[in-house]
Amino acid sequence: MESILVGPEELARHLDDPDWIVFDARHDLAHPEAGREAYREGHVPCAYFLPLDEDLAAPRTGTN
C-alpha cells in the first residue's frame with residue numbers, strides 16, 4: 001500500500017502536479033487556533049488548511 005505521507009523531497013517534486021493535493025492539518029489541543037495561526041505565518045505553496053475541530057472531527061456532542 002502506498003503511503004499518503006511523503007518527505008519534503010518528494011513533495012517538492014510534485015508541487016506543480018495537478019494530481020496532488022496538499023493539506024496542512026497542524027493542530028494543538030491546548031490551543032485550537034494555533035494550527036490556523038501557523039498556517040497563516042507560512043505553509044507549503046498551494047496547501048489547504050484543514051482545521052481539526054471543523055473539518056476532521058465529528059460535531060461535539062458532549063460525550064465525544
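Which residues form a nonpolar patch on the surface, and what accessible area do they have together? The patch is formed by Ile21, Phe23 and Tyr48, which together have about 360 Å² of accessible area. The structure is a predicted model, in which local features need pLDDT of at least 70 and side-chain atom pairs count only at pLDDT 80 or more, while totals for chains, interfaces and linings use all residues. Residues are numbered from 1 along each chain as its sequence is written, and side-chain values use heavy atoms, with hydrogens and water left out.

**Overall fold**

- The chain contains three helices and two strands, where helices (H or I, at least four residues) and strands (E, at least two) are DSSP runs numbered from the N terminus.
- Along the sequence these elements follow the pattern α-β-α-β-α.
- The radius of gyration of the chain is 14 Å, whereas a compact globule of 64 residues would have a value near 11 Å; the radius is taken over C-alpha atoms, and the globule rule is 2.2 Å times the number of residues to the power 0.38.
- Taken along the principal axes, the C-alpha atoms fill a box of roughly 45 × 30 × 20 Å.
- Of the 64 residues, 16% count as buried, with buried meaning under 20% relative accessible area, exposed over 50%, and partly exposed in between (1.4 Å probe, protein chains only).
- Among contacts (heavy atoms within 4.5 Å) with a separation of 6 or more, 36% are made by residues 24 or more positions apart.

**Surface**

- The chain exposes about 5500 Å², of which carbon and sulfur atoms supply 56%; accessible areas come from the Shrake-Rupley method with a 1.4 Å probe, and for residues only the protein chains shown count as cover.
- Patches are made of residues with over 30% relative accessible area and no salt bridge, like charges being joined within 9 Å and nonpolar side chains (Val, Leu, Ile, Met, Phe, Trp, Tyr) within 5 Å.
- Tyr48, one of the patch residues, lies in strand 2 (residues 48-49) and is exposed, with a relative accessible area of 51%.

**Salt bridges**

- The structure holds four salt bridges, each defined as a side-chain nitrogen of Lys or Arg within 4 Å of a carboxyl oxygen of Asp or Glu.
- Glu33, which is partly exposed at a relative accessible area of 36%, forms a salt bridge with Arg36, the closest N and O atoms being 3.5 Å apart.
- Arg36 also meets the side chain of Glu54 in a salt bridge (2.9 Å, N to O), and this pair links distant parts of the chain, with Glu54 in helix 3 (residues 52-55) and Arg36 in helix 2 (residues 34-41), 18 residues apart.
- Through shared partners, salt bridges join Glu33, Arg36 and Glu54 into one network, in which Glu54 counts as exposed at 54% relative accessibility.

**Asp24 and its surroundings**

- Asp24 is found in strand 1 and is buried, with a relative accessible area of 9%.
- Asp24 forms a salt bridge with Arg26, the closest N and O atoms being 2.6 Å apart, and Arg26 is partly exposed, with a relative accessible area of 35%.
- Not counting residues up to four places away in sequence, Asp24 touches Tyr39, His43, Tyr48, Phe49 and Leu50.

**Pro32 in its loop**

- Pro32 is placed in the loop between strand 1 (23-24) and helix 2, and is partly exposed, with a relative accessible area of 43%.
- Leaving aside neighbours within four places in sequence, Pro32 is in contact with His27 and Asp53.
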